[in-house]
Amino acid sequence: VSAFGSDVERMYWTNKPMLHIAEADARAIAIRKYIEVERAVMALASVSHRSDALPSAVLLELVDASLKELTTGTIRPSGNFGFELEEIFESLAKHADVERLEIAKREYAFLPLLDHRQRRLVLHDLLTSEPELYVQVLSDVYRAASASADREVTEDQTRRATMGYRLLQSMKTLPGSGEKGTLDGAVLRQWVLSVRDLAARADRAEIADHQIGRLLAYAPSDGDDHAWPHRAVRDLLEEVRSDALERTMQSEQITKRGAYTKAPFEGGVQERVFAERAREWARVSRNWPRTSALLERIAVMWDGYAVRDDEDA
C-alpha cells in the first residue's frame, strides 16, 4: 500500500477495518499506522484484550494518542472503553521496563474513566507509599486553612482540584495493606504521621485528618479478634487522638454501605443488625478507649437510621 504514495496509504489506514492480527510485531505496526490517522481510541479498544505481548513503547504511544484524541472532543469512546483502558494499564503494570510513575501519570489523566472501577491503580500505590505526593494532591484539592475564600481560582487549578478530588475519593486501600486482610501497622503509622506532619506545614492539618479518616474507614477487620477496625488502626486512633479523623470514619460508614435494597415495610431491620455488630466490636475493643467510643457512636448512628426507616415504613 505504501508503494502507492502517502495519500493512498493514509486513505487505506483511515478506512481499513480493525481485524484481528495474530502476530504481535505486525499488530504493533498496525497500531502505529492507526495512530497516524487518528484512530488510536478505536485501536486501543481493538487490541486491549491482546495487549500483553505488545512492547511497552507501543502501549504508551497508544494511551497517549488516545488521550489526545479524546481531549479534542470529536471522538466519543464506546461504553466499554473504561474496561478496555484498564486492560491496557494492567498490561503496562506487568512490564518491568516501564517506571511506575509513567503509568501513574497516565492513570491520573484518565481518572474520570477509571475512578468508578474497583481495580487498585498504580497511582494508588504511589500515594500510599509517598506521603509527599499525597499531600501535594491534597493541596491541589483544598486551599490552606488561612487562605481567603475569595481568592481567584484559575482554570488549571479547578481542573487539578477536580481530578485530585476524584483520586482521593477512589482510594480505598490503606498503606501497609497485604493479602487476605493483613495490615502492617508500622508502615501505616509512618505514613499517617508523615502525612499529618506535612499537611500541618502546608496549613491543611484538619482536612488531612478528614481524608485520613475516610481512608481508615476502609481498614480490614482484625485477624485475631475479628473486630473492626484492625488493631493497627485502633493503636493509631489512641495515638493521634483526632476528633476530626474519627468523625469522618464514622460518617464514611454510610458511604461504605453502597447501594442496598429493602422489602416493603421492612423498616430498620438491617440498620439494627449494623448497630448490634458495632456494639459487639466496641465490647471487643475496650482496651482501645477511643476506638470503643467511636464504635458506640457508630451504633447510635445506625439506631437513628433504623428509627427513621421504621417511621418511613
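Me: Which are the buried residues of helix 11?
Reply: The model is a predicted one. Helix 11 covers residues 185-201, and its 17 residues reach 24 Å from the first C-alpha to the last, close to the 24 Å expected at 1.5 Å a residue. Its buried residues are Leu188, Trp191, Val192, Ser194, Val195 and Ala199.

Me: Why are the buried residues on the same side of helix 11?
Reply: The buried set of helix 11 consists of Leu188, Trp191, Val192, Ser194, Val195 and Ala199. These residues are on the same side of the helix because the arc they cover around the axis is only 165 degrees.

Me: Which exposed residues does the face of helix 11 turned away from its buried side carry?
Reply: Residues over 50% relative accessible area count as exposed, and those under 20% as buried. On the face of helix 11 turned away from the buried side, the exposed residues are Ala186 and Arg201.

Me: Against which helices do the buried residues of helix 11 pack?
Reply: The buried residues in question include Trp191 and Val195. Their packing partners are helix 8 (122-127), helix 9 (131-141), helix 12 (205-216) and helix 13 (231-240).

Me: Which residue caps the N-terminal end of helix 11?
Reply: Helix 11 comprises residues 185-201. At its N-terminal end, a side-chain oxygen lies 3.1 Å from the backbone nitrogen of alanine 186, and the capping residue that supplies this oxygen is aspartate 184.

Me: What is the phi of aspartate 203, by which helix 11 is followed?
Reply: Most residues other than glycine have a negative phi. Aspartate 203, which follows helix 11, has a positive phi, near 65 degrees.

Me: How are the rings of tyrosine 134 and tryptophan 191 described: stacked, tilted or edge-to-face?
Reply: A search of the whole structure finds eight aromatic pairs. In the pair of tyrosine 134 and tryptophan 191, the ring centres are 4.9 Å apart and the planes stand at 70 degrees. The pair links distant parts of the chain, with tyrosine 134 in helix 9 and tryptophan 191 in helix 11, 57 residues apart. Planes over 60 degrees apart count as edge-to-face, so the pair at 70 degrees is edge-to-face.

Me: What is the angle between the ring planes of tryptophan 228 and tryptophan 281?
Reply: Both tyrosine 134 and tryptophan 191 are buried. In the pair of tryptophan 228 and tryptophan 281, the centres lie 5.9 Å apart and the pair is tilted, because the planes are at 45 degrees.

Me: Which parts of the structure does the pair of tryptophan 228 and tryptophan 281 tie together?
Reply: Tryptophan 228 and tryptophan 281 are both buried. The two are 53 residues apart in sequence, so the pair ties together the loop between helix 12 and helix 13 and helix 15.

Me: Which residue does a cis peptide bond join to tryptophan 228?
Reply: Most peptide bonds are trans. At tryptophan 228, omega is about -5 degrees, and the bond is cis.

Me: Is histidine 226 buried or exposed?
Reply: Histidine 226 has its place in the loop between helix 12 and helix 13. Its phi is positive, near 65 degrees, in a residue other than glycine. Exposed means over 50% relative accessible area, so histidine 226, at 58% relative accessibility, is exposed.

Me: What is the relative accessible area of phenylalanine 265?
Reply: Phenylalanine 265 is placed in the loop between helix 14 (243-257) and helix 15 (269-284). Its phi is positive, near 65 degrees. Phenylalanine 265 counts as exposed because its relative accessible area is 72%.

Me: Which residues touch the most other members of the largest nonpolar core?
Reply: Nonpolar side chains tend to be buried together in soluble globular proteins. The largest nonpolar core has 78 residues, and those touching the most other members are Leu92, Leu174 and Val233. To this core, helix 4 (residues 56-71) gives the most, with seven residues. Leucine 92, leaving aside neighbours within four places in sequence, is in contact with Ser56, Leu59, Leu60, Val63, Val98 and Ile103.

Me: Is glutamate 84 buried or exposed?
Reply: Glutamate 84 is found in helix 5 (residues 81-93). Not counting residues up to four places away in sequence, glutamate 84 touches Leu44, Ala45, Ser48 and Ser78. Buried means under 20% relative accessible area, so glutamate 84, at 11% relative accessibility, is buried.

Terms used
Residues are numbered from 1 along each chain as its sequence is written. This is a predicted model: local features need pLDDT of at least 70, side-chain atom pairs count only at pLDDT 80 or more; totals for chains, interfaces and linings use all residues. Side-chain values use heavy atoms; hydrogens and water are left out. Helices (H or I, at least four residues) and strands (E, at least two) are DSSP runs, numbered from the N terminus. The expected span of a helix is 1.5 Å times one less than its number of residues. Buried means under 20% relative accessible area, exposed over 50%, partly exposed in between (1.4 Å probe, protein chains only). The arc is that of the directions from the helix axis to the C-beta atoms. Contact means heavy atoms within 4.5 Å. A polar contact is a pair of N or O atoms within 3.5 Å; within protein, one must be able to donate a hydrogen and the other to accept it, and residues adjacent in sequence count only if both atoms are side-chain atoms. A nonpolar core is a set of buried Ala, Val, Leu, Ile, Met, Phe, Trp, Tyr and Cys residues joined through side-chain atoms within 4.5 Å. Rings of Phe, Tyr and Trp (its six-membered ring) pair if their centres lie within 6.5 Å; planes under 30 degrees apart count as stacked, over 60 as edge-to-face and the rest as tilted.
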